Amino acid sequence: MTTSADPRDILKNAPMSALQIAVVVITVALNALDGFDVMSISFASPGIATEWGINRAALGIVLSMELIGMAFGSILLGGVADKIGRRPTMLGCLIVMATGMFMVTTSNGVLGSVLAPVLALFGQNVDVRLADLSGWRVVTGLGIGGMLAAINAVASEFSNEKSRHLNVSLMSIGYPIGAVLGGLVAAQLLKSGDWRPVFYFGASVTAVLIPVVFLAVPESVHWLTRKQPVGALQAVNRAMGRMGHSSVPALPTIPPDARAKSASDIFGPALLVTTALVTAAYFFHITTFYYLIKWVPKLVVDMGFAPSSAAGVLVWVNVGGATGGALFALLTQRFNLKTLTMGVLLLSTVTIIVFGYTPADLQRLSFICALAGFCINAGIVGLYAIIAQAFPTHVRASGTGFAIGVGRGGSVLAPIIAGFLFTAGFSLPSVSFAMAAGSTLAACTLLLLRLESDKPATEAAAQAAR
């Protein structure tokens, strides 16, 4: 049976099929890899600091290495996902991530001989082994960054209209879920006294998901319909059939100039302001987010607790994050997305300030870190949903990649700034107050952003028709 309807409209209006739900679940799992991969260096940082004798300033730089890779990966590979497709980009990123996670355990100096002079520019004369580890964290970050851009687009494009915000939000909570589960495993692995098994575990799980994506995730129908590469109709109908929908006899006519549009459109007159605002909002909030994520283990250890206990506190950050993200996802079905996001961003500021004044008590630290994770990750979930809504299909991965990539500059700066503030003698309350300001700035930035949901119905419909 065939129909002449645009396949994108079929997916937009029909109920979610089993395959569509499965693809969204897979994006949650892929984002969970991001959660564990990024957190793995935080779990391992106390052991690395002890084994190689590095100070807080040097550790802050090392903690930022995969974030630098993520920034470049998001910007560069987001455009690749819009050019060659979501599926091959996801597979390539998984291979890069698995390789990087495994190779940090070798620390044989191959990359360290190159990176040690770079780290020396920051005044840090580090062991070549440490520089080598940093290099492989950059490689891992490249894969993570490209994956983030691709799966945000996939979660949006495999959803119907009714479930789009919910599914993108659910994809986003994969991060804290991965961090929680990975943290529980890491806490056990760290009891051996060696930090390397944490990375063995991450590499193994990443490798397992390569065949899962290869077999279960078809190319995005939205991407195929818009880009129309050779064999697009057949690929669309195969995907539609797997999702339980009718095939189409032909794809809608897309003018060649429209199909040839590139990632540079995010800097064009129609999208430049949107690109700038969502990027700035993500940048500001991610600075606050990664201050908490990257420094909690070291700060807890410095209060006199064991590394395994520090990993446990970090787990509570992500338990709160998963809970906050899930609740936020449900609330998007009933309340305005931007208003909800701004509210949790302001609450994030408050909880980080309170964290700075929390005494050295594991129960209190776990509680306030869970509350901070609840608010901060809800803000991340909201920003991902806003980014997915802000960009059209042909630049959705590029726009997402640019916003996340440049925004990751905040994540690179966060541990470095905090490290130097601590080294300069600033107290934990003072540093926390300064780093909490990022979430407030993000909320203020969103005040200037205008989404389709903020526009009158007639104007939104006219824009959608173009």
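These notebook entries record what I looked up in a predicted model.

**Entry 1: ground rules.** I took the model as predicted, with local features needing pLDDT of at least 70, side-chain atom pairs counting only at pLDDT 80 or more, and totals for chains, interfaces and linings using all residues. Residues are numbered from 1 along each chain as its sequence is written, and side-chain values use heavy atoms, with hydrogens and water left out.

**Entry 2: the whole chain.** I found 19 helices and 0 strands in the chain. Helices (H or I, at least four residues) and strands (E, at least two) are DSSP runs, numbered from the N terminus. Of the 466 residues, 59% count as buried. Buried means under 20% relative accessible area, exposed over 50%, and partly exposed in between, with a 1.4 Å probe and protein chains only. I noted an accessible surface of about 17,400 Å² for the chain, 68% of which belongs to carbon and sulfur atoms. Such areas come from the Shrake-Rupley method with a 1.4 Å probe; for residues, only the protein chains shown count as cover. Among contacts (heavy atoms within 4.5 Å) between residues at least 6 apart in sequence, 85% join residues at least 24 apart.

**Entry 3: aromatic rings.** How many aromatic pairs does the structure hold? I recorded 9 aromatic pairs. Rings of Phe, Tyr and Trp (its six-membered ring) pair if their centres lie within 6.5 Å; planes under 30 degrees apart count as stacked, over 60 as edge-to-face and the rest as tilted. F36 and F201 have ring centres 5.4 Å apart and planes at 75°, so this pair is edge-to-face. The pair links distant parts of the chain, with F36 in helix α2 (residues 18-52) and F201 in helix α9 (residues 196-216), 165 residues apart. F36 is buried, at 6% relative accessible area, whereas F201 is partly exposed, at 31%. I then looked up F289 and Y290, whose ring centres are 5.0 Å apart with planes at 85°, so they too are edge-to-face. Both F289 and Y290 are buried, and together with Y175 they form one aromatic cluster.

Entry 4: Helix α4 (residues 86-103) has 18 residues, which at 1.5 Å a residue should span 26 Å; its end C-alpha atoms are 26 Å apart, which agrees. The expected span is 1.5 Å times one less than the number of residues. Buried residues in α4 include R86, M90, L94 and M101. The charged end of R87 sits over the ring of F214, 4.9 Å from its centre. For this, NZ of Lys or CZ of Arg must be within 6 Å of the ring centre and within 35 degrees of the ring normal.

**Entry 5: S348.** Is S348 buried or exposed? I found S348 buried, with a relative accessible area of 0%. S348 is in helix α15 (residues 337-356). Leaving aside neighbours within four places in sequence, S348 is in contact with H285, C375, I376 and S439. A polar atom of the S348 side chain lies 3.2 Å from the backbone oxygen of C375.

Entry 6: H222 belongs to helix α10 (residues 221-227) and is buried at 10% relative accessibility. Not counting residues up to four places away in sequence, H222 touches R8, L11, E157 and T393. H222 and E157 are 65 residues apart in sequence, yet 6.2 Å apart C-alpha to C-alpha. L421 is in helix α17 (residues 396-423), and beyond its neighbours within four places in sequence, L421 is in contact with F426 and V431.

Definitions and conventions. A polar contact is a pair of N or O atoms within 3.5 Å; within protein, one must be able to donate a hydrogen and the other to accept it, and residues adjacent in sequence count only if both atoms are side-chain atoms.
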